[in-house]
Amino acid sequence: MFNLILFGPPGSGKGTQSQLIIDHYQFTHLSTGDMLRNEIERQTPLGLEAKKFMDRGALVPDEVVIAMISNRLDAQPDAKGFIFDGFPRTTAQAQALDKLLALKSTAIHLVLSLQVPEEELIKRLLLRGQTSGRSDDASETVIRVRIAEYYNKTSPVADYYARQHKLHQIQAVGTIEEVFSRLKEKIDKRLSELSLHPLSSGSRS
Ligand code: AP5
Ligand code: MG
């Protein structure tokens with residue numbers, strides 16, 4: 001099993017690059033943002049509660065997202081690897097994830113942190129907001145709150161993984177294909193260090 005975190009601020013390309021990684025490596029995608037939006041669409045109690053935070057650009061409470069991730073990990077015992085997108089977003093979430101993976105005799109193997117200047121993030125999100133229907137893309141004020149949440153609460157997670165020597169920074173400006181090839185280089189290198197063939201279903205932890 002291979003566990004990868006795609007890390008970065010709102011609009012840095014986590015979702016876009018996750019899709020390309022899944023297509024290439026057949027890992028399982030775990031995006032807490034997508035899971036929460038699905039709950040909102042189905043108007044579940046969890047979704048209605050989460051919406052209050054998401055509409056103003058704030059993080060949803062840790063216990064909510066940790067429980068969602070825990071359920072998804074349990075539901076997919078045969079996954080050959082997971083891509084965590086938008087999770088963990090606080091140090092408490094990172095610590096909880098380490099514990100959940102340890103229970104499954106595995107761990108995080110690589111953290112790739114997408115680097116994009118703030119003005120480019122805002123440009124990308126405002127552009128997407130014209131068509132996405134995402135309430136949190138609609139106004140520059142909310143986008144700036146999301147970015148502030150990232151710097152205040154999420155960026156310490158990078159230090160958490162840097163201390164574990166798992167963090168690599170990736171320049172994420174350029175075409176989508178250029179960014180993907182930078183990510184692929186790091187993933188292939190790590191897979192080969194772990195003696196996992198990129199396209200095999202190896203079961204080493
Ligand atoms: P979430 O859904 O995770 O959103 P986010 O991280 O704020 O940002 P995005 O998903 O919008 O950006 P992305 O990095 O995926 O970029 P994308 O590929 O889409 O979270 C939403 C909310 O849910 C949070 O605010 C919070 O309330 C809650 N939440 C979620 N997880 C949580 C957690 N763990 N804890 C607590 N709360 C949580 O790309 C963006 C745009 O840029 C797209 O239009 C794309 O086409 C374009 N683009 C991508 N790459 C490029 C490129 N190279 N050049 C030009 N444009 C590009
Ligand atoms: Mg996303």
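Reply: Start with lysine 14. A polar atom of the lysine 14 side chain lies 2.8 Å from an oxygen atom of ligand 1. Keep in mind that this is a predicted model. Arginine 89 also reaches ligand 1: an N or O atom of the arginine 89 side chain is 2.8 Å from a ligand oxygen. Serine 12 uses its backbone instead. There, a backbone N or O atom lies 3.3 Å from an oxygen atom of ligand 1. How much of ligand 1 does the protein cover? On its own, ligand 1 has 1,000 Å² of accessible area, and the protein covers 88% of that.

Now look at the surroundings. Ligand 1 has 30 residues around it. The closest are Lys14, Thr16, Thr32, Ala58 and Arg128.

Arg128 leads on to the charged pairs. Side chains of opposite charge can pair when their charged atoms come close. Arg128 belongs to a network of salt bridges, together with Arg134, Asp136, Asp137 and Arg146. Within this network, take arginine 134 and aspartate 136. Their side chains meet in a salt bridge, with 3.0 Å from N to O. Is aspartate 136 buried or exposed? Aspartate 136 has 9% relative accessibility, so it counts as buried. The cut-off for buried is under 20%.

The count for the model comes to 18 salt bridges. Here are two others to find on the screen.

One joins arginine 144 to glutamate 119, where the closest N and O atoms are 3.7 Å apart. Arginine 144 lies in helix α7, residues 140-163. Glutamate 119 lies in helix α6, residues 118-129. The pair therefore ties together parts that are 25 residues apart in sequence. Arginine 144 has 35% relative accessibility, so it counts as partly exposed. Glutamate 119 is exposed, with a relative accessible area of 51%. Exposed means over 50%.

The other joins lysine 51 to aspartate 55. Their closest N and O atoms are 2.6 Å apart. Lysine 51 counts as partly exposed, at 32% relative accessibility. Aspartate 55 is partly exposed too, with a relative accessible area of 29%.

Finish with a polar residue, glutamine 17. Glutamine 17 lies in helix α1, residues 14-25. At 3% relative accessibility, glutamine 17 counts as buried. Which residues does glutamine 17 contact, leaving aside neighbours within four places in sequence? They are Leu6, Ile176, Val179, Phe180 and Leu183.

Methods: Residues numbered from 1 in each chain as written. Chains lettered and ligands numbered in written order. Predicted model: local features only at pLDDT ≥ 70, side-chain atom pairs only at ≥ 80, totals over all residues. Heavy atoms only, no water. Helix = DSSP H or I, 4+ residues; strand = E, 2+ residues; numbered from the N terminus. Buried < 20%, exposed > 50% of the residue type's maximum accessible area, 1.4 Å probe, protein only. Contact = heavy atoms within 4.5 Å. Salt bridge = Lys/Arg side-chain N within 4 Å of Asp/Glu carboxyl O. Near = heavy atom within 4 Å. Polar contact = N/O pair within 3.5 Å; in protein donor to acceptor, adjacent residues only side chain to side chain. Areas by Shrake-Rupley, 256 points an atom, 1.4 Å probe, with all protein chains shown as cover.
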